[in-house]
Amino acid sequence: MANDYDIAVIGAGVAGLNAAIAAARHGTRTIVIDMLGAGGQVINVDRIDNFPGPSEGMSGFELGPMLQMQADEAGVEFALDTIEIVSKTDTGFRIAGADLDLNVGAVIIAAGSAKRTLGIPGETEFEGRGVSHCASCDGPLMRGKDVCIVGGGDSALDEALALVPHAARITVIHRGPRLGASAALQAKAREASNIEVRLNTMATAVRGEGGVNALTVRDLSTGAEDDIPCHGVFVYVGLEPNTSFLGDTVTLAPDGRIVVDLDMQTSVPGIFAAGDIRDRSVAHLAASAGDGVTAAIYAVRYLAEQGGNTQQAELLFAAVASAG
């Protein structure tokens, strides 16, 4: 029995959409499945600087639909669902969720990561009432107010800069002795008159009544605690890979990310992974796009070889090589 699709891409972020575009352009029947829709979490990013494009950057709201349009034009199909099962079958793989139950020839996992939480008192209680993971979404609600950003990487400073036009004062809390963000972002943060950085400092509790009114922090050098008055706490302390649905289907690294080889193939032939869900990803959008294309090319080659058409697989790679 023929499979429903040649390739299923799980995840509609930059990695997944680029994988789908490349796969469809090589003549495969390709479907993208995501719980949020095309663009994934990048839709909420106010300004993207780590992806080729205009020198002034672009928003995730622009990038996501642009990639979806390219995928549509390539013939990619889309479905909304949360995949819960990936298993081997006689003809390929079964993927199933709340609504879908499909048989496919190959799978590209590009489900990305979820934002890590702090796990401190008050964080869950005030989620959506002052605690947020999206400054570009909730920034206008903080106009003229004091806010805290917890984190010291690119995402933290990106969102701090997104808050600059809105918030009265932005305090960046980072538990390390130095920020991990790029030098360019740190320079922009230093230029902003309403951004203050507190290093060697750990958030210990979110406080308030009805809404956030303070963040309790501890100085890791002295152990002293104090409250920073604020109306918003924006959390950017890293990412957790969305791999729980895989169980022991493929080999995972100790941090839960998917182990792949240079072809983006996992421990199971026919299952590939791309983007920041894979082990040793640099978590930049440009790199994720490249991962997606690599996974797609090798998935198409895998299908050709499974069909006994080794010549087609070699012709594919000859065409890719000649294109540059």
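Cys 148 counts as buried because its relative accessibility is 0%, where buried means under 20% relative accessible area, exposed over 50% and partly exposed in between, with a 1.4 Å probe and protein chains only. Cys 230 is likewise buried, at a relative accessible area of 1%. This is a predicted model, in which local features need pLDDT of at least 70 and side-chain atom pairs count only at pLDDT 80 or more, while totals for chains, interfaces and linings use all residues. Residues are numbered from 1 along each chain as its sequence is written, and side-chain values use heavy atoms, with hydrogens and water left out.

The structure holds zero disulfides, a disulfide being a pair of cysteine sulfur atoms within 2.5 Å. For Cys 148, the nearest cysteine sulfur is that of Cys 230, 3.9 Å away.

## The parallel sheet

Five strands form an open sheet with parallel pairing, in the order S8-S15-S9-S10-S11; strands (E, at least two residues) and helices (H or I, at least four) are DSSP runs numbered from the N terminus, and two strands pair if DSSP finds at least two bridges between them. Strand S8 (131-132) and strand S11 (195-198) are the edge strands, each pairing on one side only.

S8 runs parallel to strand S15 (residues 232-235) and is joined to S15 by two bridges, with Val 131 standing opposite Val 233 in S15.

## The helix across the sheet

Helix H4 (residues 154-163) lies across strand S9 (146-150), strand S10 (169-173), S11 and S15, and runs at about 165° to S9. Such angles, from 0 to 180 degrees, are taken between N-to-C directions of axes, which are lines fitted to C-alpha atoms, for helices over the stretch in contact, and contact means heavy atoms within 4.5 Å.
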